[in-house]
Amino acid sequence: MRERILKFLKSTFSERDGSASSTRVLAGSVVLSTLAWVTFLVIKNHALPDLSGASLFVGSGFSGYGVNRLSEVMKKDKDGQ
């Protein structure tokens, strides 16, 4: 069971060639930490908090991945592919 979970995580956080993508891992950690933060606030206050801060945090966490993908697309476009 443990091997299956680790294999799934490896395939989730790796690129097509099998090398790890730091931007995907960072984006995943931002999502997990935001979920933990909102869950803590809900448990503590017994109400759903304002999620504007959480959405800004998640958006900024994915900006690195977006820039990385955009640079790859622009590189392919420049090479004429």
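Colleague: Leaving aside neighbours within four places in sequence, which residues is glycine 61 in contact with?

Modeller: Ala27 and Val30. Keep in mind that this is a predicted model.

Colleague: What makes glycine 61 buried or exposed?

Modeller: Buried means under 20% relative accessible area. Glycine 61 has 16%, so glycine 61 is buried.

Colleague: Let's step back a bit. How many helices and strands does the protein have?

Modeller: Three helices and zero strands. Reading from the N terminus, the order is α-α-α. Of the 81 residues, 12% count as buried. The accessible surface comes to about 6600 Å², and carbon and sulfur atoms own 66% of that.

Colleague: Which residues of H2 are buried?

Modeller: Thr23, Ala27, Gly28, Val30, Thr34 and Val38. Take valine 38: its relative accessible area is 17%, and the cut-off for buried is under 20%, so valine 38 is buried.

Colleague: And what is valine 38 in contact with, leaving aside neighbours within four places in sequence?

Modeller: Pro49, Leu51 and Ala54. There is also a C-alpha distance to quote here: valine 38 and aspartate 50 are 12 residues apart along the chain, with 9.4 Å between their C-alpha atoms.

Colleague: How do you know that the span of H2 agrees with what its 24 residues should give?

Modeller: The expected span is 1.5 Å times one less than the number of residues. For the 24 residues of H2 that gives 34 Å, and the end C-alpha atoms are 34 Å apart, so the two agree.

Colleague: What follows H2?

Modeller: Histidine 46, with a positive phi near 55°.

Colleague: Now the rings. How many aromatic pairs are there?

Modeller: One aromatic pair. Tryptophan 37 and phenylalanine 57 make it, with 6.4 Å from centre to centre and 85° between the planes.

Colleague: Why is this called a pair, and why edge-to-face?

Modeller: Ring centres have to lie within 6.5 Å, and planes over 60 degrees apart count as edge-to-face. The centres of tryptophan 37 and phenylalanine 57 are 6.4 Å apart, which makes a pair, and the 85° between the planes makes the pair edge-to-face.

Colleague: What does the pair of tryptophan 37 and phenylalanine 57 tie together?

Modeller: Tryptophan 37 belongs to helix H2 (residues 22-45) and phenylalanine 57 to helix H3 (residues 52-78), so the pair ties together parts that are 20 residues apart in sequence.

Colleague: How do you know whether phenylalanine 8 is buried or exposed?

Modeller: Exposed means over 50%. Phenylalanine 8 comes to 54%, so phenylalanine 8 counts as exposed. This residue is found in helix H1 (residues 2-12).

Colleague: One last thing: among contacts between residues at least 6 apart in sequence, what share joins residues at least 24 apart?

Modeller: That share is 42%.

Definitions and conventions
Residues numbered from 1 in each chain as written. Predicted model: local features only at pLDDT ≥ 70, side-chain atom pairs only at ≥ 80, totals over all residues. Heavy atoms only, no water. Phe/Tyr/Trp six-rings, centres within 6.5 Å; stacked < 30°, edge-to-face > 60°. Helix = DSSP H or I, 4+ residues; strand = E, 2+ residues; numbered from the N terminus. Buried < 20%, exposed > 50% of the residue type's maximum accessible area, 1.4 Å probe, protein only. Contact = heavy atoms within 4.5 Å. Areas by Shrake-Rupley, 256 points an atom, 1.4 Å probe, with all protein chains shown as cover.
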